[in-house]
Amino acid sequence: MCAMALARIGTAVSAIGQMQAASAQAKMANYQAQIANMNAQIAEEEAKSTLDAGAREEQQHRMKVAMLKGNQRAAMAANNVDLGSGSPLEVLIDTAYAGEMDALTIRTNTNRNAYNKRGEAANLRAQSQLYKMEAKQARTGGMLSALGTLASGFGDAYGKYGSTFGKIA
């Protein structure tokens, strides 16, 4: 009789242990979900910061090109060069073209980097959702495992009791 009582206690302790382990696993998954969510927010902020910095860089570049064009005009005018035709005009046009292409490259690279950061944020939010689902599954799995342990343990104890003391109808 003492062995049966110990078997029942062991079964109950095992079931409680399974539920505690599932609870710990669920808490860890929820924690990871929170971390992934915070990292997604950081990535969104980085995307915004990237766009802001890129806009400033583009504006600064355009100002430098404008100053360069002004210096070119001033130097040519100081040498009595006609700015309205020929090579001097081509130099000014080429400077404007190269400056605009560089400014557009800065904008394109900035947008690409921000897009990548937003993609990272989306992936992190999706990972957060997966962790939340993992937490829910851990709780459910722990509960089912504990119930299975209880059913199996008490079924074994009942069978042993019946074989020891005769069939119970």
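Helices here are DSSP runs of H or I with at least four residues, and they are numbered from the N terminus. The model is a predicted one, in which local features need pLDDT of at least 70 and side-chain atom pairs count only at pLDDT 80 or more, while totals for chains, interfaces and linings use all residues. Residues are numbered from 1 along each chain as its sequence is written, and side-chain values use heavy atoms, with hydrogens and water left out.

Lys117 and Glu120 both belong to helix H2, where they stand three residues apart, about one turn of the helix. Their side chains meet in a salt bridge with an N to O distance of 3.4 Å, the term being used for a side-chain nitrogen of Lys or Arg within 4 Å of a carboxyl oxygen of Asp or Glu. Lys117 counts as partly exposed because its relative accessibility is 24%, and Glu120 counts as partly exposed at 35%; in this scheme buried means under 20% relative accessible area, exposed means over 50%, and partly exposed lies in between, with a 1.4 Å probe and protein chains only. Elsewhere, salt bridges that share partners join Glu58, Arg62, Glu100 and Arg107 into one network.

The structure holds eight salt bridges, and one of them is formed by the side chains of Glu44 and Arg118, at 3.8 Å from N to O. This pair links distant parts of the chain, since Glu44 sits in helix H1 and Arg118 in helix H2, 74 residues apart. Glu44 also forms a salt bridge with Arg125, with the closest N and O atoms 3.5 Å apart. Because Arg125 lies in helix H2 and Glu44 in helix H1, this pair ties together parts that are 81 residues apart in sequence. As for accessibility, Glu44 counts as partly exposed at 26%, Arg118 counts as partly exposed at 40%, and Arg125 is partly exposed with a relative accessible area of 35%.

The last stop is a nonpolar patch on the surface, formed by Met19, Met143, Leu144 and Leu147, which together have about 380 Å² of accessible area, as given by the Shrake-Rupley method with a 1.4 Å probe, where for residues only the protein chains shown count as cover. Patches are made of residues with over 30% relative accessible area and no salt bridge, like charges being joined within 9 Å and nonpolar side chains (Val, Leu, Ile, Met, Phe, Trp, Tyr) within 5 Å. Helix H2 (residues 86–165) contributes the largest share of the nonpolar patch, three residues, whereas Met19 lies in helix H1 (residues 2–78). With 38% relative accessibility, Met19 counts as partly exposed.

How values were computed:
Helices (H or I, at least four residues) and strands (E, at least two) are DSSP runs, numbered from the N terminus.
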